[in-house]
Amino acid sequence: QVQLVESGGGLVQPGGSLRLSCAPSGSIFSINVMAWYRQAPGKQRELVAVVTSAGSTTYADSVKGRFTISRDNAKSTVYLQMNSLKPEDTAVYYCNADVRVRRWSAWEAYWGQGTQVTVSS
């Protein structure tokens, strides 16, 4: 069973930086769109950033100019570089990707288990 595995969360002071990573736990055939979502306590999960297989990116207004999403297609890995972090960025961050596990598989949406990001002094 393939899973998306995230890493890089933690506690950081306001103004600090963190880099999140996400990759499949096993071999896969192909990955299409990859994205990061986040969910703060008491709030709905929201889209943070998206990157297509061609490298086109889209960001939520709240993170534009501070966060950068990127991917390494050879490693099937997506990254989220988060700079100038604010307390309101505190949330569980989830990786999401459209994956074909095998050549004959259908595209399926996979989610990571989530990684906590806490911005506090």
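Biologist: Arginine 66 in this predicted model: buried or exposed?
Modeller: Arginine 66 is buried, because its relative accessible area is 11% and buried means under 20%.

Biologist: Where does arginine 66 lie?
Modeller: In the loop that runs between strand 6 (57-59) and strand 7 (67-72).

Biologist: And what does the side chain of arginine 66 make a polar contact with?
Modeller: The side chain of aspartate 89, at 2.7 Å. A polar atom of the arginine 66 side chain also lies 3.0 Å from the backbone oxygen of serine 84.

Biologist: Which residues does arginine 66 touch, not counting those up to four places away in sequence?
Modeller: Gln81, Met82, Asn83, Ser84, Leu85, Lys86 and Asp89.

Biologist: OK, new topic. Which residues in the largest nonpolar core touch the most other members?
Modeller: That core has 31 residues, and Trp36, Val48, Phe67, Val78, Leu80, Met82 and Tyr93 are the ones touching the most other members. Elements giving it two or more residues include strand 3 (18-24), strand 4 (30-39) and strand 5 (46-51).

Biologist: Which strand does the largest share come from?
Modeller: Strand 9, with five residues. In soluble globular proteins, nonpolar side chains tend to be buried together.

Biologist: Now serine 120. Where is it found?
Modeller: Serine 120 is in the segment after strand 11 (115-119). Serine 120 counts as partly exposed because its relative accessibility is 38%.

Biologist: What is serine 120 in contact with, leaving aside neighbours within four places in sequence?
Modeller: Leu11, Val12, Gln13 and Pro14. The C-alpha atoms of serine 120 and glutamine 13 are separated by 5.0 Å, though the two are 107 residues apart along the chain.

Conventions
Residues numbered from 1 in each chain as written. Predicted model: local features only at pLDDT ≥ 70, side-chain atom pairs only at ≥ 80, totals over all residues. Heavy atoms only, no water. Helix = DSSP H or I, 4+ residues; strand = E, 2+ residues; numbered from the N terminus. Buried < 20%, exposed > 50% of the residue type's maximum accessible area, 1.4 Å probe, protein only. Contact = heavy atoms within 4.5 Å. Polar contact = N/O pair within 3.5 Å; in protein donor to acceptor, adjacent residues only side chain to side chain. Core = buried A, V, L, I, M, F, W, Y, C linked by side-chain atoms within 4.5 Å.
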